[in-house]
Amino acid sequence: MDIHKSTMRSPFLFAFVCLSTVMAGAQSLFNSPVNLAVSETYLSALADFNGDGLIDIASTSTTSGRVLIHYRNSSGSYAFPPSSYNVGGSWVYSVQATDLNKDGYPDLTFTGYNGSIQPCVSVMLNNGSGGFGSAQNYVTGQGLAFYHTLGDLNKDGNPDLVTANYYSNNITIYTGSSNGTFSNPVSIKALYAFDVNIRDYDQDGNPDIVVSSPDNNQFIFFKGTGSTSSYSTISYLNTGNRPGNISSADFNGDGYPDIAMGSGANASVYVHLASSGSFGSAQTLGKAPQEPAFMPAISITTEEPISFPQMNFRLRFRFSPVMEMEVLAMLRTTG
């Protein structure tokens with residue numbers, strides 16, 4: 001299948017393999033795995049939290065209300081037990097690492113429930129030595145906000161924050177400030193909002209928002225205006241069955257970021273090529289080799305910057321309530 005269309009580059013080669021197979025049979029692609037003992041963790045973020053030049057791992061504990069930090073050491077291993085931060089709530093889900101207050105150290109944002117069992121998005125600022133201060137909570141709406149993302153929507157140089165509020169059928173946009181706090185929440189209708197992504201999809205200089213809507217088999221495009229409160233166009237666009245996690249990259253090299261969404265229903269990936277604010281029809285890239293015992297959450301990691309003739313991205317299939325299997329996929333152009 002060729003998703004390049006008018007560019008007429010060579011087709012993508014696509015393959016799914018179980019993790020154990022990758023490790024045994026494709027040593028040229030992957031190094032030996034490093035296994036970390038964790039408890040009830042779900043999502044993670046990578047960053048150099050303590051400024052030593054090594055990439056550390058922050059992960060969420062879904063039932064204990066904690067964020068765990070695995071600090072990497074010079075030997076390539078990770079400190080155990082990890083540093084544990086009680087965030088004051090009962091449950092933590094998605095996590096992002098971003099320098100919010102411009103001190104050069106990545107801070108943490110995460111979704112979950114606060115101590116009053118209210119759904120919220122929370123911020124913990126880095127103290128400059130790899131530790132974190134107390135969580136500042138921002139209530140999001142009715143029911144858990146599964147995913148969130150950050151981006152400078154109003155172009156003031158500060159990251160703004162967007163939560164996808166599935167149970168409230170909306171997204172909430174928080175305006176960021178230079179000290180790492182957020183204010184002026186604005187909620188906008190978005191049916192069954194699950195995951196959210198910020199990119200300038202039409203290359204007009206204003207960041208846009210894309211939201212997956214699994215119960216509608218659609219994704220929602222919010223055309224940016226350079227503001228955190230208004231959008232000139234909100235479009236519901238059809239895609240494949242039950243889209244979930246979103247990633248974006250310029251897959252066909254035309255200068256416009258494209259969309260890839262994982263399906264939690266059939267373990268496929270849907271790609272929509274973008275061009276000047278419009279999106280092509282869904283193109284399905286493969287399917288996992290077997291039906292999962294649990295519905296998987298699919299995370300897509302693109303490797304950028306992308307340069308042709310070769311581009312890769314990885315897909316990870318996580319099975320709830322406990323990760324049962326991990327599947328990797330390599331998507332590569334041929335030269």
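**Notes on strands, sheets and charged pairs**

1. Start with strands E7 and E8. E7 runs antiparallel to strand E8 (residues 119-124), and six bridges join the two. Within this pairing, Tyr 113 faces Pro 119 of E8. Please bear in mind throughout that this is a predicted model.

2. E7 also pairs with strand E6 (residues 91-98). That pairing is antiparallel too and spans six bridges. Ala 97 has Leu 108 in E7 as its bridge partner. Strand E7 covers residues 107-113 and is mostly covered, with six of its seven residues buried.

3. Now the chain as a whole. The protein chain has one helix and 26 strands. It holds 335 residues, of which 50% count as buried. Take the contacts between residues at least 6 apart in sequence: 44% of them join residues at least 24 apart.

4. Thr 163 sits opposite Thr 172 of E12.

5. Asp 160 deserves a look. This residue belongs to strand E11. What is the nearest side chain of opposite charge to Asp 160? It is Lys 102, 10 Å away. Asp 160 is buried but has no salt bridge. A salt bridge would need a side-chain nitrogen of Lys or Arg within 4 Å of a carboxyl oxygen.

6. What, then, lies around Asp 160? A polar atom of its side chain is 2.8 Å from the backbone nitrogen of Gly 176. Setting aside neighbours within four places in sequence, the contacts of Asp 160 include Thr 149, Leu 150, Gly 151, Asp 152, Leu 153 and Asn 154. Tyr 174, Thr 175, Gly 176, Phe 182 and Thr 228 are also among them.

7. A further open sheet is built from four strands in the order E14-E15-E16-E17, again with antiparallel pairing. Strand E14 (196-199) and E17 are the edge strands, and each pairs on one side only. The twist averages 20° from one strand to the next.

8. Two pairings in this sheet can be checked by eye. Strand E15 (residues 208-213) runs antiparallel to E16, with five bridges between them. There, Ser 212 is opposite Phe 219 of E16. Strand E16 (residues 218-224) is in turn joined to strand E17 (residues 231-238) by seven bridges, also antiparallel. Phe 221 has Ser 235 in E17 as its bridge partner.

9. The hairpin of E16 and E17 has six residues between the strands. Within this hairpin, Gly 226 adopts a positive phi near 80°.

10. How many salt bridges are there? The count is three. One joins the side chains of Lys 223 and Asp 202, at 2.4 Å from N to O. Lys 223 is in strand E16 and Asp 202 is in the loop between E14 and E15, so this pair ties together parts 21 residues apart in sequence. Lys 223 is partly exposed at 23% relative accessibility. Asp 202 is buried, at 9% relative accessible area.

11. Lys 223 has another partner. Asp 204 forms a salt bridge with Lys 223, and their closest N and O atoms are 3.0 Å apart. Asp 204 also lies in the loop between E14 and E15, so its pairing with Lys 223 in strand E16 ties together parts 19 residues apart in sequence. Asp 204 counts as partly exposed, at 35% relative accessibility.

12. The remaining entry is the pair of Arg 242 and Asp 215. Their closest N and O atoms are 3.5 Å apart in this salt bridge. Arg 242 sits in the loop between E17 and strand E18 (243-249), and Asp 215 in the loop between E15 and E16; the two are 27 residues apart, and the pair links distant parts of the chain. Arg 242 is partly exposed at 35% relative accessibility. Asp 215 is partly exposed as well, with a relative accessible area of 33%. As for shared partners, salt bridges join Asp 202, Asp 204 and Lys 223 into one network.

Definitions and conventions. Residues numbered from 1 in each chain as written. Predicted model: local features only at pLDDT ≥ 70, side-chain atom pairs only at ≥ 80, totals over all residues. Heavy atoms only, no water. Pairing = 2+ DSSP bridges. Buried < 20%, exposed > 50% of the residue type's maximum accessible area, 1.4 Å probe, protein only. Lys, Arg positive; Asp, Glu negative; His and termini not counted. Polar contact = N/O pair within 3.5 Å; in protein donor to acceptor, adjacent residues only side chain to side chain. Contact = heavy atoms within 4.5 Å. Axes fitted to C-alpha atoms, helices over the stretch in contact; angles between N-to-C directions.
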